[in-house]
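Notebook open, model loaded. I'll jot down what I look up as I go.

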Amino acid sequence: MNKKKRDHFNLLCDIGELADLLTDAQNITNFLQNTVKLVSRHLEAHVCSIYLYDEKSGELVLHATIGLNPEAVGKIRMNPGEGLVGTVFAQMKPVREARAGSNPRFKYFAEAHEDRFASFLAVPIQRGVQKIGVLAVQHEQVDFFDEKDLMALRASASQLAGTIENARLLIDLFPVSEASSGKIRRENPGLIKGMTASRGFAMAPCTYFRKSHTSLLAGNAGSRTPYTMEDFQTAMRSTAEQLKDLQSKLAERLPESASLIFSAHFMILKDPKFLDKIKEQIQTGISPPDAVRTVTRHYIDIFSASSHAYIREKANDMEDLGGRILKNMIRRSPREKIKGKGRVIIAKTLYPSEILKLASDDAEGIVLHKGGVTSHVSILARSLQIPMVISDHPALTDLPENTLLLLDADIGNIYIEPDEKILQQFEIRNAARKKAARLPKNLCPVTHTQDGIRIRLMANVNLLSELETAKKLNAEGIGLYRTEFPFIVRPTFPSEEEQYLIYKRLFDEMGDREVTIRTLDISGDKALVYSDASSGANPELGLRSIRFSLHHRSIFEQQIRAILRAGAASPGLRIMFPLVSSLDEFLEARQVIYDCAESLKTEKLPFHENPRIGMMVEVPSIVEIIDALCREADFFSIGTNDFIQYTLAVDRSNEKVAAYYRSCHPSVLRGLARIVRAAAAAEKEIAVCGEMGHEPEYIPFLIGIGIRILSVDPYYLPFVQESISGLRLSDAQKHAEQVLAEDTIKGAQEVLTQWAEQHKGPGKK
Ligand code: PEP
Ligand code: MG
């Protein structure tokens, strides 16, 4: 055997490429299997196997192999220290044996059929202090592997460690038998990761949503029924009336965007060119339905070819409109197959009108193939409180009707025929949600800890439709109104007047209560189709939030003017800037408010003359300059979602790095504590409005470090109140000190978990 032929360099290059290909859970088995194939080929080994450590059973399990009996995958299990593989794992040291059988630690596994392989070489797979598993090669020839092979295998293992560790976490969601012999059950990948469009849970049999309009547009008239110009005109009138009805129904649930959802429809309906083109065709003898089809398709083609995303989106509106006109004309409408009730709907695309219909049909949830999280339908789904996940995974196109789906739309997971373990977790979380939904009647208007410390509970609001819930649940005010949503649902920037009407409604609804309006915070997952703000390699680090506003001064001024005017009579108006990273930026943004106030005064328009002006704490650069900011800002609100993202350099919307997004990282916790202490020393108000504020695990810590205001999604208010009422300040402070004393993520996590365990009394979550 010519050992020089063994290709160590290319082995590492190929492994790098392979790891890059692992993009979702579905590919894990493939990935492991391809890895063993690759390693065995480059090292000319007869056997290559990957064993991964299963934390639950405490065993090493064979997960992929080439050369051993494929049936042994998932079956060969050993304790750390047992056999040669177990020894490599226990000691985290490689083992190279010229003749494996002569090592007293060698253990023969009958199901593996490995008796004929003499040479053995195995290295640990380790990531930092995390023990992950073992990568092993075997060969029939005695003393086949040399030092160089060992080094190459070691380098491969270290290159693979990160990917394998993630793979191993995901494998927990799959039964091990699925991993056998590299086979993937394509028809049921078990778990599909999608994007959260609208949060919530849903578990129900699925059904496919089929469009009636599309089929109408695709067909041709069939000349059996004669249609007249009169039929066409009647169809146009009926369509306009139906759309008006839908719009007013929608306006009750979605005031800020109702008039916009069908704006394109109405514009086209009134467009003389559209009408004339159809009429001309009819006059030349083309049947009215065909004339509608031809002209509609012509418009769709033009819109679809546009280089602007927002114009391409209009093709959907056009298709919807054409379909409606046809349906009204042909009247023998194909029976619509919206069977929403008690179902999870799988749809390729949805029109806003269709999602509304699904909501009125009580659909449990939606899986949408195409569409952005910020698209109209996503916004609508959120406002209508229908859980929705977006995924174009191919398995979602041919599931049998009625396959049970579980949507965990909070994290974008779609479970196909979920197993018992997942169902149980779902039940627990769902029960907690239901309990929360029942709690409102018991909610007190004010919240105190067990020993009488007053904590103010405010609501985070994205859409005006959520105000009702916030009020019903006794929110003391709005701690965060995210103004970006009215911007997202529009085809262009809303005018000052349009914004004024939205903000006015917000103030009118909340009366004297405090309302903190955050200025425009657009970025990665809150992109505007009509702006280039979110373009660039990394939009989270780009021209977003306050940077965007300061860069586009006139857009910023229009927003500030609209806020000041709308809040003219509102004592509770406060304005807050997102993503401030320096004192300079804060001062510059505040000056814009002063300038707008000046010009409003000159114009003699009523406006709020003296709003309180504060900022979000989301960027770690604030920690070092908080004292200076305390001298200028009226109040602070900590956006923990971004604070964690930027402190730990982890993209909060990238599920591949989700494991690194750790709220209990000591730098996050100590950063928060420093900020809160500085604000308290300066007697400046400081709240938490990020997700951490509603997490039961963190509430005692936050109260312990001095937080007295929490702003959370309205839905969480009862939970948070319950959690606080069972808390004693001195205990929370002691707990916070203990958490802060920990130097490691693991240590902090343990202290947090310990507290949660100790305080899990009856009736508590
Ligand atoms: C945050 O970053 O914690 C926050 C509340 O802002 P958003 O989630 O809108 O980025
Ligand atoms: Mg933020």
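**Alanine 409**

I started in the loop between strand S13 (404-408) and strand S14 (413-416), where alanine 409 sits; helices (H or I, at least four residues) and strands (E, at least two) are DSSP runs, numbered from the N terminus. This is a predicted model, so local features need pLDDT of at least 70 and side-chain atom pairs count only at pLDDT 80 or more, while totals for chains, interfaces and linings use all residues. Residues are numbered from 1 along each chain as its sequence is written, chains are lettered from A and ligands numbered from 1 in the order in which they are written, and side-chain values use heavy atoms, with hydrogens and water left out.

Is alanine 409 buried or exposed? Alanine 409 is buried, at a relative accessible area of 0%; buried means under 20% relative accessible area, exposed over 50%, partly exposed in between (1.4 Å probe, protein chains only). Skipping residues up to four places away in sequence, I find alanine 409 touching Thr196, Ser198, Arg199, Gly200, Pro387, Met388 and Val389 (contact means heavy atoms within 4.5 Å). Threonine 196 is 213 residues from alanine 409 in sequence, yet their C-alpha atoms are 5.5 Å apart.

**Confidence and overall numbers**

I checked pLDDT next, the predictor's confidence in each residue from 0 to 100. The protein's mean is 83, with 81% of residues at 70 or more. Residues 172-187 fall below 50, and that stretch has 29 contacts in the model beyond near neighbours in sequence. Residues 333-339 are below 50 too, with 13 contacts counted that way.

I noted 27 helices and 23 strands, and 53% of the 765 residues are buried. Of the contacts with a separation of 6 or more, 68% are between residues 24 or more positions apart.

**Magnesium ion**

Which residues are the protein donors of the magnesium ion (ligand 2)? They are Glu618 (OE) and Asp642 (OD), lying 2.0 Å from the ion. Donors here are N, O and S atoms within 2.8 Å of the metal (3.2 Å for Na, K and Ca), and water is not among the atoms, so sites may look incomplete. The two are 24 residues apart: glutamate 618 is in the loop between strand S20 (612-617) and helix H21 (621-632), aspartate 642 in helix H22 (residues 640-648). Both are buried.

**Ligand 1**

Glutamate 618 turns up here again: an N or O atom of its side chain is 3.1 Å from an oxygen atom of ligand 1. I also logged a backbone N or O atom of threonine 640 at 3.1 Å from a ligand 1 oxygen. The protein buries 98% of the 290 Å² that ligand 1 exposes when taken alone (Shrake-Rupley method, 1.4 Å probe; for residues, only the protein chains shown count as cover).

There are 14 residues around ligand 1, and Arg482, Arg518, Gly639, Asn641 and Arg652 come nearest; near means a heavy atom within 4 Å. H22 gives the largest share of this shell, three residues. Strand S17 (477-482) and H22 each supply at least two.

**Glutamate 476**

Last stop: glutamate 476, in the loop between helix H15 (467-472) and S17. Glutamate 476 is buried, with a relative accessible area of 17%. What joins its side chain to that of arginine 454? I found a polar contact of 2.8 Å, meaning a pair of N or O atoms within 3.5 Å; within protein, one must be able to donate a hydrogen and the other to accept it, and residues adjacent in sequence count only if both atoms are side-chain atoms.
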